[in-house]
Amino acid sequence: MSLFTFRGGVHPLKERGAGKDATCSKAIREFVPEVVYIPLDTHIGSASTPCVKRGDTVLMGQKIADAVGGIGIPVHASVSGTVKEVGNMQMLRKMSSPYIAIENDGNDTWAELKPMENYENASREEIISAIKEAGICGMGGASFPTHVKLNLPEGKTVDTVLVNGAECETFLTADDRLMVEQPEGIIKGLLIAMRAVDAKKGIICIEDNKPAAIETIKKAVSNASNVEVAILQTKYPQGGEKQLIDAVLKRQVPSGGLPMDVHAVVINVGTAKAISEAVLEGKPLISRITTVTGAVKEPDNLLIRVGTRVIDAVNACGGYTETPGKILFGGSMTGNAIPNDEVPITKANNGIVVFNEQEAKTPEEFACIRCSRCVDVCPIMLAPYELKVLLSKGDLDGAKEKNLEDCILCGACSYICPARRVLTPAFKEGKDMLAMRRKKA
Amino acid sequence: MPIVYAVAVMCALGAVFGVVLSFADKKFAVPVDERVQLIREKLAGANCGACGFPGCDGFAEAVAKGEAPVNGCPPGGSDTATALAEIMGVSVGVGVQEVARLRCQGEKGVANESFEYDGIKTCFAASEFSGGPKACQYSCIGLGDCMRACVFDAIEIVNGIAVINPDKCTACGMCVDACPRNLIALLPKESTVLVRCMSLNNARVTRQSCSKGCIGCKRCEKACEFDAIHVVNGIAVIDAEKCTNCKACVEVCPNACITVA
C-alpha cells in the first residue's frame, strides 16, 4: 500500500531516529509537583481573568480564571490546595505574564464534575460549550482554543475530522505513547468532535515510524464504522495541518484560508483525548503528556499537571546531565527556547528538550549559494532564499507579495540550508512585523 | 536632377514642421516654476520623508505651490528654512530646533540581563521573544534598529545601548518609528535635562532589573521650583516649556535617572 504524503519536506536527524529512541518505548509516568504556577495567557486570545485570590482553598478542576472575549478560554486548578500567589512572571511570549500559583495539598481532591449525560443526543452547541468550559485549546503546540475551531461559522461545512497523530517533530514521543496507551479516549474524542461539526468521517493519521501506535489504534477503531486510520510516510512537517490535509484528503487549503474552507478540521490526538474527558467525565484540561528529553538523566514521558515548572519536570527525570545551553518547549524544529527553567508548562507543551551548551550554539551564517534546496523542501512551495533577500533589505511589501504570510515556520529550509542561513527566524520576524503593521493601521 | 527635388522636399517639410512646432510651443506652453529647482538645491537631499511628502522633489514642488511650510524640512534645519524663505519671499518663524533623545540608560552593567539572546540580531525580533534579553521590558535592547534607520549616521551602539550624536541628528524622526520600544523622542535641543527611563514597572521590579531606573519617588517633583517635573504613571516627566535646566532634580534623583545631556 502506498503511504500518504505531501510535496517537499525533510528528514531531520533520521540517522539518529530523530532523537525519539530515548523515550518512545517508555510507559507514561505521572508526576505531580508541590507547587504549580498556572499560566493564564498562553493560549491564543486574551488572558483569562483570575477569579480566586491569595489564600483561597481550591479543588482540583475548579475554575480559577474566567475566559475573556470570544476566543478566550477558562483556566482550572490542576491540583487541590491553597492559592499561594496571583502574580506576573517571565514566560515564553512576554516578560510579564499573569499566573496563579497553587500549593499542592497532595490529596488531589476533585471538584464536583458534571459529565454530559447522554451525549449522543446532545446538540452541537451543548458539546461546544462543554469543550469551552473545560478550557481546551489545541495541544499540538499552537494552543488555538478548540471550541472556536469546532464552532463553524454560517455557511461552512465539514465532512471529515482528521486526528493528527503524525508527530513528525524531532525528539517528541508524547502523542505516540498516548496512542499506544489510551487509544479509546482518542477515538471517543474524535466521535464527539465529529458530532460537534456534523462530519460523516473521521480519520486518525499516524506516521509509519510508530508501528505500535498504528496497531493499537487499528484494533481500537475496528468497531467504529465511520473512523479510518491513514498511515503516512515519515517526513517533516507531515503533522502540519495543511500538509496533513494535502496528504490524506488531497485537498489544498487556499492561501490565507483555514482547513474548514476545504471541509476539514484537524485536531491533535491529545486534544481528542481531552475532548472525550471533558464531555464524558466532565473533567477540565489540567494535565497533559509531555516528553522530557535531551540532556536529562532519564528521558521520559510524563503525565504532567499544567503549571509545573520546567525545573521540577527535569528534576523528576533525574535532573540535567550537564549545564543546559538552551531549553526548548517543543521539538528541535518548531520548538521555542525558553528564557529560564522556571517557566511553567502550558496546555500546549508537548515536549521539553534540553540542549547542552555545545548543541545550543548557533552555527555561523554564510552567503547563499543559490542551490535552491530550500525551494525543494518548502512544503508550501515558497522560495525561502528569495524571501530572505527581500527581508534583509527591509522590503516587507515585496516579501508579502511573495506570500511570506503563508509560511508555516516549519524550519525545513533552515534545516536543509548548506550555508546555514538564518531563514525561519527571519520569516518569523517578517510575519510579526506584518502583523504589527496591520494592528497599527 | 532628382537630388534637387529631394533637397527641396526636405527643406519644405522642415519649414512646415518648424512652423507647427513653434505654434504648438506658444499655444500649449506649460508655465514652469523655476523656484522648484532652486528650492530642491537647498534641501538636505536625504529623501528621508520626514516632511511628509514623497521625497525631496515632492517637498520642493509643494513649497513652490505654497502647500508646504518653508521650515518643513527637519534635516535642513534653520539654514534651509532661511534659504527657502528667501526664495519664496516670506519670513520664517523661528521654530524650536529638536533633537532625538534616547530615554533609557540601560547599558551593560546597568540593566541586568535575564538570558543570553542568540536569535536574529534586530531589536524587533529580540523584543518579540519573552520580552527581550534585558531584565526590563522597557529598556533599550541595543541591537541597532534605530542605527540602521538613521540616514545621517548619528546613532551608534555603545556598550549595548544606542547613543545619539546631537550634532549629527537632524530630527527627521526615522529612529523614533524604528524603535520597537518607543524609547526615542524628538525633544527641544535646548532642554538638556532629561528623564532617561521609560519603565512602567513598579519600584520593586524596576530596582531589581536596573540600577538607573525611575522608581517614581517624587523627590524631583518636590525639588523643582518651576512645577516642571511630575510623576505620571510612576515615571517622572519633564514639561520642556517650564523647565529652566536648573538641574535641581538631577541632584536629588536617588537612581541617577535624570541626566544632563
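Me: Is B:E128 buried or exposed?

Reply: A residue is called buried if 20 or more other C-beta atoms, placed from the backbone, lie within 10 Å of its own, exposed if 12 or fewer do, and partly exposed in between. B:E128 counts as buried because it has 21 C-beta neighbours inside 10 Å. Please keep in mind that this is a predicted model, in which local features need pLDDT of at least 70 and side-chain atom pairs count only at pLDDT 80 or more, while totals for chains, interfaces and linings use all residues. Residues are numbered from 1 along each chain as its sequence is written, and chains are lettered from A and ligands numbered from 1 in the order in which they are written.

Me: In which helix does B:E128 lie?

Reply: Helices are DSSP runs of H or I with at least four residues, strands are runs of E with at least two, and both are numbered from the N terminus. B:E128 lies in helix α5 of chain B, which covers residues 123–128. From C-alpha to C-alpha, B:E128 is 18 Å from B:G106, and the two are 22 residues apart in sequence.

Me: How many helices and strands does chain A have, and what share of its residues is buried?

Reply: Chain A has 14 helices and 17 strands, and buried residues account for 54% of its 441 residues.

Me: How is chain A divided into domains?

Reply: Domain bounds come from an automatic or database domain assignment. In chain A, domain 1 comprises 14–25 + 120–281, and domain 2 comprises 373–440. The C-alpha centres of these two domains of chain A lie 28 Å apart.
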